[in-house]
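Please open the structure in your viewer and keep the selection tool at hand. The tour below goes from stop to stop, saying what to select and what is there.

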Amino acid sequence: MKFSSPFASLLALVSIAAASPAPNDRGEGVIRFPLTRRSADVAEHVDLSALETQLTQVVNKYRQTFAAFEANTGSAHPLSGKMVSSISKRDNGIVPLTNQGTTLWYGEIEVGTPKQTFTVDIDTGSTDLILPSVSCDASCRGQTKYNADQSSTAEDQGTYVTITYGSGEVEGDEYTDDVFLGGYEAPNQAFLAASQYSAGFPSTSSDPDGLAGFAFQQISAFGAPSIFKTLSDNGVLPENVFSVKLSSTSGQSELYIGGTNTELYDEDTLTYTPVTEQGYWQVNLEAVSRDGSTVTDDAASIIDTGTTLIVTSNSAAEAYYQDIPGSSSFTSGSSTYYTIPCDTIGSYTPTLTFGGRDFDVSEESFNLGMESSGSSNCVGGIAGLSIADFWIVGGVFLQNVYTVFDMGRLQVGFAELT
């Protein structure tokens with residue numbers, strides 16, 4: 001039996017192949033990035049060590065951006081709860097961050113005058129832009145490096161920033177410079193020009209050079225807007241909207257800035273739900289169900305292209321998998337994963353409800369692959385975290401829908417794919 005989930009090995013890389021303005025329904029220019037998978041070879045069984053690493057990075061990411069939210073707003077984030085309880089407060093300006101691990105969607109940006117070109121991981125679960133600088137040590141080997149001295153529009157902000165994540169750090173100088181996406185300009189964009197990348201951050205020529213977040217200013221390490229928000233404020237976009245389609249099929253994925261690509265989704269099914277707390281793309285998850293039965297309702301959720309799985313509390317994950325014949329769990333640290341017999345896992349895929357509409361998750365995306373080579377058990381795409389009490393809605397769900405991030409109206413939309 002073959003399992004072709006793009007997340008089976010948790011090692012698939014996805015790249016943005018090109019960027020070009022494309023018309024939306026009103027004939028106005030938008031930025032369209034076709035997405036293609038870098039590698040078509042996917043193992044039939046789950047790399048459990050990579051799965052554990054992914055969940056550890058998820059924990060670090062949210063602990064760290066929760067800390068940034070509190071630093072920027074003066075108040076704890078309503079969802080921070082257990083995730084920040086074990087973090088001691090710092091008084092030296094250190095704000096945590098994590099990179100997005102093994103499954104990356106990345107694209108090309110240009111920075112400075114004249115333009116310098118970089119590839120960056122695109123993540124709706126964080127906000128900041130981080131690039132390696134020419135002063136970066138061997139930890140940035142293989143990356144294209146930003147040279148402020150060669151840009152007439154670069155401005156050193158006079159701030160040395162240390163961003164901690166996991167057991168390591170990314171550190172460097174804060175700069176502003178002009179950043180370009182598909183020919184559109186984000187002037188005076190704040191970013192970190194890193195002099196050191198820690199283990200786990202991009203470090204080979206096959207990795208993207210840096211990280212670009214698309215979330216809100218409240219979770220920025222610099223208290224700065226994202227590239228997308230700067231573009232919006234500059235008035236160059238027809239709509240303050242970006243949208244994504246994620247697919248395991250080569251040539252069928254894209255990031256669309258400035259509108260939506262109506263050729264990729266059923267317009268009659270487009271359903272919006274409001275952002276409930278600015279910082280993340282946080283919305284109300286009305287229900288999670290399987291086999292016609294609701295297992296969770298009225299839950300806080302964050303829509304995150306930078307997370308592979310659907311992640312929730314241990315109790316919610318246990319409620320989802322309970323009573324599934326042959327299901328079992330295994331725990332590593334704060335994370336719990338579940339398996340279901342491979343020949344029946346397709347009967348227990350989840351349905352998520354947003355804005356009054358149900359959206360189904362396919363067997364292909366829910367089934368991460370066999371637990372081990374030759375195993376009759378397969379790993380499910382919902383995992384539990386003992387230190388979470390909300391839902392993180394990642395690629396396992398997002399590859400089944402067209403997703404619209406509307407910063408102008410502060411809402412997220414989902415639609416069925418065509």
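A residue is called buried when its relative accessible area is under 20%, exposed when that area is over 50%, and partly exposed in between, with a 1.4 Å probe and protein chains only. Helices (H or I, at least four residues) and strands (E, at least two) are DSSP runs, numbered from the N terminus. The model is predicted, and local features need pLDDT of at least 70, side-chain atom pairs count only at pLDDT 80 or more, while totals for chains, interfaces and linings use all residues. Residues are numbered from 1 along each chain as its sequence is written, and side-chain values use heavy atoms, with hydrogens and water left out.

Begin by selecting residues 401–406, which make up strand S25, a mostly covered strand in which six of six residues are buried. Val401, Thr403 and Phe405 point one way from S25, whereas Tyr402, Val404 and Asp406 point the other way. Two strands are said to pair if DSSP finds at least two bridges between them, and S25 pairs in the antiparallel sense with strand S11, residues 241–245, over five bridges. In that pairing, valine 244 stands opposite threonine 403. S25 and S26 form a hairpin with four residues between them, and leucine 410 in the turn has a positive phi of about 50°.

**Aromatic rings**

Rings of Phe, Tyr and Trp (its six-membered ring) pair if their centres lie within 6.5 Å; planes under 30 degrees apart count as stacked, over 60 as edge-to-face and the rest as tilted. The structure holds 25 such aromatic pairs. Select phenylalanine 66 and phenylalanine 390, an edge-to-face pair with 5.9 Å from centre to centre and 80° between the planes. This pair links distant parts of the chain, since phenylalanine 66 is in helix H1 (residues 48–73) and phenylalanine 390 is in the loop between strand S23 (382–385) and strand S24 (391–393), 324 residues apart. Both phenylalanine 66 and phenylalanine 390 are buried.

Next select tyrosine 265 together with tyrosine 402, which form a stacked pair, 4.7 Å centre to centre and with 25° between the planes. Here too distant parts of the chain are linked, 137 residues apart: tyrosine 265 is in the loop between strand S12 (253–257) and strand S13 (271–274), and tyrosine 402 is in strand S25. Tyrosine 265 counts as buried because its relative accessibility is 4%, and tyrosine 402 is buried with a relative accessible area of 0%. To see a cluster linked by ring pairs, select Phe214, Phe216, Phe228, Phe242, Trp281 and Phe405.

**The nonpolar cores**

A nonpolar core is a set of buried Ala, Val, Leu, Ile, Met, Phe, Trp, Tyr and Cys residues joined through side-chain atoms within 4.5 Å. In soluble globular proteins, nonpolar side chains tend to be buried together. The largest core in this model has 90 residues, and those with the most contacts inside it are Trp281, Ile303, Phe354 and Phe397. H1 gives the most to this core, with seven residues. Apart from it lies another core of 14 residues, including Cys140, Ala190, Leu211 and Ala221.

**Helix H4 and what follows**

Move on to helix H4, residues 314–321, where Ala316, Ala317, Tyr320 and Tyr321 are buried. Seen down the axis of H4, the buried residues fall within an arc of 130°, so they line one face of the helix; the arc is that of the directions from the helix axis to the C-beta atoms. Aspartate 323, in the loop between H4 and strand S17 (328–332), has a positive phi of about 70° although it is not a glycine. Aspartate 323 is exposed, because its relative accessible area is 71%.

Most residues other than glycine have a negative phi, and most peptide bonds are trans. Select aspartate 298 in strand S15, residues 293–303, where phi is positive, near 50°; at 60% relative accessibility, aspartate 298 counts as exposed. Finish at threonine 113 and proline 114, which are joined by a cis peptide bond with omega of about -5°. Proline 114 is in the loop between strand S4 (104–111) and strand S5 (116–123).
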